[in-house]
Amino acid sequence: MSEAVIKTDKLTKRFGDFVATNAISFEVQKGEVFGFLGANGAGKTTAMRMLCGLSIPSSGTATIAGFDVYGQTEKIKKSIGYMSQKFSLYEDLTVMENIRFFGGIYGLTGQQLKNKGNELITKLGLQKEVKKIVGSLPLGWKQKLSFSVAVLHNPKIVFLDEPTGGVDPVTRRQFWDLIYESVENGVTIFITTHYMDEAEYCNRISIMVDGKIEALDTPHNLKEKYKVTSMDDVFYQLARGAKRGE
Amino acid sequence: MKQFITFIKKEFAHVLRDRKTLLILFGMPVVQILIFGFALTNEVQNARIIVMDHSNDAATKQIVAKIGASQYFDVEKTVIKGKQMEAAFKKGKIKLAVIFPANFNTDLLHQNHAQVQVIADASDPNTATTLTNYISTILQDYLSDINQVANVPYRITPQIRMMYNPQLKGAPNFVPGVMALVLMLVCVMMTAVSIVKEKETGTMEILLVSPFKPLLVIVSKAIPYLLLSLINVASILALSVFVLDLPVKGSILLLFAESTLFIITCLTLGIFISVKTNSQQVAMLISLMGMLLPTILFSGFMFPIENMPIPLQVFSNVIPAKWFYIIVKTIMIKGLGFSAIWKESLILSGITLFLLIVSLKSFKIRLT
Amino acid sequence: MRTIKFLLQKEFRQIFRNKSILAMVIFMPVVQLLILPLAANYEVKNINISVIDNDHSSCSQKLISKVTASGYFTLTGYNYSFKQAFQLIEKDEADLVLEIPQGFERNLVRENEQQLFIAVNAINGTKANLGGAYLASIIRDYNSDIRLDLIEAGRFNRQPTATIVSSNWFNPLLNYKLFMVPGILAILVTMIGGFLTALNIVKEKEVGTIEQINVTPIKKHHFILGKLIPFWILGNVVFTLGLLVAWLIYGIVPLGSVLLLYGFISVYLLAVLGFGLLVSTFCDTQQQAMFIMFFFMMVFILMGGLFTSIDSMPEWAKVFTMFNPVSYLIEVMRMIMLKGSGMKDILKQLGTIALFAIVLNSWAILNYKKTS
């Protein structure tokens, strides 16, 4: 029986009168690939920030890897990895320097850093680029590097915020290979994306509309429920009534 | 043409949305005028000094009274030893010491000559000289008072007429200076940064690929700042007239026309900087740090240019603010017309043209 | 603690890799320190004067020679009509016009008094005042000379005179550069420290790397330290460069303890950097940060006592100056470098700046701690 590494109960975030995230409740099991979908402005990013310990909820509860989002944000941060839309590597540092920095921040020692760093570089095939400035790398490599850096410290959960924007299908496929590899190592993946084909890669997905979770199930079940053949259509059915757009 | 307007509208939206920057854009000239108008002055007042009177006779008592009555000095009468005096200076507590020797009055009357010792803290040479001069004047006043009794022949009296600024107020000097400073800094920096930002974020390429001439794109960036700067000119003039009591003697229209010319010069300078740099940080550092102190110094309103070493005087000719400062003074304070400033206007136009050509050249090179 | 090591490594790598910032931090202060003290000078000399001599007597000639020989004035016009001379003032080719009336010599002897007419371009009040004062004192001297010439010696009692014997302490040659260089150095250190810190953090905000940092277990105060330390070091480097330039080019050697200077600068830098940090917490874009920093810098510099004296300011301005860190630095730099003041003398300023540093940095950390 898998444990729930993410548990939320009526998690809410208000900004003044505006309720960005409206009492969402769900669980994510260990080793799952959980897709967190929604239209622009639906409240995905706000929710994710609460789960990462970046933002304190207005009400409701949530635990990440067993730690409470209100009082134990530091412990949460030690147990998770994060990759944002902007990739957030230092563009003016080299590949190796970025690896060393983020690894070191998470507490990897000199020897560990060396080993893991080399491992990562070999796996990604970046041997020739080790000393290159990240800013000069093509987008696809930056992405893969970002992800690898995010899992460097063996986190329990990795949060991915629209990680595959702007790259070709081959690279996206390779990226998902990396994701599955981590899953095999016991990592839980929490991913938001706009690509509906990627939604199919997930174990379960939730769809947020106007701050609430309107659907939560496996892709297969959702397609059956709404009597459509693609996730695109599922999404369209749910999201077109949305009042909030970006 | 319609597309040009669209661009301008977009640029305005950018500018107006940034409330914090806008606040400073408009607030800065106001604050500067207030500071210069009410806080800064070259006069020395309430300087703390000590007086040591070893004679304590009729003459010294009168002189000391005169010193104490003057607004320039805050007198502490003490008798302290030499070492203590040095310590007092080092602590920064006093700026000047006046020491009357014993038998001052006797020397004055019987030997027709007496001396007063003055020690000044010359780490600030200006204040030291000024304060020493004040003491000297007070002394001379005293002497001429006692000499009134004797009828002195062959008196030559100078009649001095102060032109343009009879009350010797600071405003006529610095208001044109503040105008030049604010316009230059705002226009140069804002334009440079705004253009470089688009380069950095990559949106510049989108604009360049569009069917609009790159020149139009750049000009459209400068236009909002042109208008904002004109508003600043208006507010500076309004403050000057209503708060500082300094009217515009000459033609306001001409003043605005020349201001527009200067603004365009500065905007072009901003464009030039933006063409040469690729990061916002560098653009900002050049515009601000590279230009703040030099503009203050070489425009001529803080320190007279004639006092500088020749190479610096020559260099000052390159600073557009110097010419604009002269232009504003001539129109606003002296009340003269275009015939008095055609030369300076020509120079400004020349600088603008030069910057424009160089920028365009560099820009084209980048693109090909 | 380890995290700070990694943070510092990253910061320094970024700084050294950024050639233009580096050049600017090193190059610009040196250049400005070389040029600006030469330009900043309140002495009034080379005053342009135009003389109209309607008398053409030996008396008037004597006066004119005295004026031109004084060294303060440059004769730019001679014997134009008053209208023409006036135009010289309009064109800024003359700062003063001296008119000697017709019959000056004759009337002085006959009527025992005469007047001289002087018109001064008073737009620059200080210059006008001093120029007028110099001319008045030359005329006074000339007056006594003439009096002695016209009167047989001994025929009348010499008036009592008193003179001032003045000594100028700490700067006997009244070298204005001694006064300006420490002040300009203070400003340069402030600008670099403040600007770079503010910009640096806002840039991370703009680019997004700050989010990445926020998700890691890096403690907020470690992050802040990781930002403060490199720029603190840079600030000291700039200061050292400045001291070198002051010594090599201007021959200025601190009279007081160099150690004390560095001690004060170290604390001061913490305050300035803290201020830059604080500003960066309020800004979302580099442009805003720059502009806000610029605004404050400008006010601090203008009211810091570099260009004009703080003692002459009205009360409200003096109160404001108490909150202006730059004024403390300028004051202390001058005190230590030129007067050799010691620790006891600057204790009050040191304490105040230390207080600033604590308050500003704490406030900045507080702002960063707030998760939205």
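Q: Is A:Ala65 buried, exposed or partly exposed, and what decides that?
A: In this predicted model, A:Ala65 has 19 other C-beta atoms within 10 Å. Being buried takes 20 or more, and being exposed takes 12 or fewer. The count of 19 therefore makes A:Ala65 partly exposed.

Q: Where in chain A does A:Ala65 lie?
A: Let's start from its backbone: phi of A:Ala65 is near 50 degrees, a positive value in a residue other than glycine. Most residues other than glycine have a negative phi. As for its place in chain A, A:Ala65 belongs to the loop between strand S4 (59-64) and strand S5 (67-68).

Q: How many other C-beta atoms lie within 10 Å of C:His56?
A: C:His56 also has a positive phi, near 50 degrees, though it is not glycine. C:His56 sits in the loop of chain C between strand S1 (47-53) and helix H3 (58-69). It is partly exposed because the number of other C-beta atoms within 10 Å is 13.

Q: How far apart are the end C-alpha atoms of helix H1 (residues 2-17) of chain C?
A: Helix H1 of chain C has 16 residues, and at 1.5 Å a residue it should span 22 Å.

Q: What arc do the buried residues of H1(C) cover around the axis?
A: The buried residues of H1(C) are C:Thr3, C:Phe6, C:Leu7 and C:Lys10. An α-helix has 3.6 residues a turn, so residues three or four places apart point the same way. These four are therefore on the same side of H1(C), within an arc of only 100 degrees.

Q: Which helices do the buried residues of H1(C) pack against?
A: The face turned away from the buried side of H1(C) carries the exposed residues C:Lys5 and C:Phe16. The buried residues have partners in chains A and C: H3 of chain A and helix H9 (220-250) of chain C.

Q: Which element gives the largest share of the side of chain A that touches chain C?
A: Here 19 residues of chain A are in contact with 20 residues of chain C. Two helices of chain A, H2 (73-79) and H3 (95-105), each supply at least two residues of that side. The residues of that side divide into 9 nonpolar, 4 polar and 6 charged. The largest share, 4 residues, comes from H3(A).

Note on methods: Residues numbered from 1 in each chain as written. Chains lettered and ligands numbered in written order. Predicted model: local features only at pLDDT ≥ 70, side-chain atom pairs only at ≥ 80, totals over all residues. Contact = placed C-beta atoms within 7 Å. Nonpolar A, V, L, I, M, F, W, Y, C, P; charged D, E, K, R; others polar. Expected span 1.5 Å × (residues − 1). Arc of directions from axis to C-beta.
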